[in-house]
Amino acid sequence: EIRDLLRLADVADPCAAVRDVAAGHLGDVRAKIADLRKMERLLAKAVRQCELGEQAGCPVIDALSSGAGARRA
């Protein structure tokens, strides 16, 4: 990715081209952060349920299994 950005130095308006690439990366980073926040909420809930014994079985494994299945779908 850095090489790609450095190649843009030879473009007529490198700042605009670099900004476009950086904006794309920013979108990717924000999406990853949103996914991590969702995962944090799900795992925190599962850990709470596990500590309180609110659910039969293992809530952590159930949360991880349902999250993995949703990503594959």
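How many salt bridges does the count come to? The count comes to one salt bridge, and the model in which it is found is a predicted one. The chain holds three helices and zero strands, and from the N terminus on its elements run α-α-α.

**Overall composition and surface**
- Of the 73 residues in the chain, 11% are buried.
- The chain has an accessible surface of about 6,100 Å², and carbon and sulfur atoms account for 60% of that area.

**Confidence**
- The chain has a mean pLDDT of 81, with 88% of its residues reaching 70 or more.
- Confidence is highest in α2, at a mean of 89, and lowest in helix α3 (residues 59-72), at a mean of 66.
- Where pLDDT is low, predicted coordinates should not be read in detail.

**Helix α2**
- Helix α2 covers residues 14-52, and Pro14 has its place there.
- The 39 residues of α2 should span 57 Å at 1.5 Å a residue; the end C-alpha atoms are 57 Å apart, which agrees with that expectation.
- The buried residues in α2 are Ala16, Ala17, Ala46 and Gln49.
- Just after α2 comes Gly53, which takes a positive phi of about 65°.

**Pro14 and its surroundings**
- Pro14 counts as partly exposed because its relative accessibility is 28%, a value between the cut-offs of 20% for buried and 50% for exposed.
- Once neighbours within four places in sequence are left aside, Pro14 is in contact with Leu8 and Ala9.

**The salt bridge**
- The salt bridge joins Asp20 and Arg19, whose closest N and O atoms are 3.8 Å apart.
- This distance of 3.8 Å falls within the 4 Å cut-off for a salt bridge.
- Asp20 and Arg19 are both exposed.
- In general, side chains of opposite charge can pair when their charged atoms come close.

**Cysteines**
- The count of disulfides comes to zero.
- Cys58 is in no disulfide, and the nearest cysteine sulfur, which belongs to Cys50, lies 5.2 Å away; a disulfide would require the two sulfur atoms to be within 2.5 Å.
- Cys58 is partly exposed because its relative accessible area is 29%.
- Cys15 counts as exposed because its relative accessibility is 57%, a value over the 50% cut-off.

Key. Residues numbered from 1 in each chain as written. Predicted model: local features only at pLDDT ≥ 70, side-chain atom pairs only at ≥ 80, totals over all residues. Heavy atoms only, no water. Helix = DSSP H or I, 4+ residues; strand = E, 2+ residues; numbered from the N terminus. Buried < 20%, exposed > 50% of the residue type's maximum accessible area, 1.4 Å probe, protein only. Contact = heavy atoms within 4.5 Å. Areas by Shrake-Rupley, 256 points an atom, 1.4 Å probe, with all protein chains shown as cover. pLDDT = per-residue confidence, 0-100. Salt bridge = Lys/Arg side-chain N within 4 Å of Asp/Glu carboxyl O. Expected span 1.5 Å × (residues − 1).
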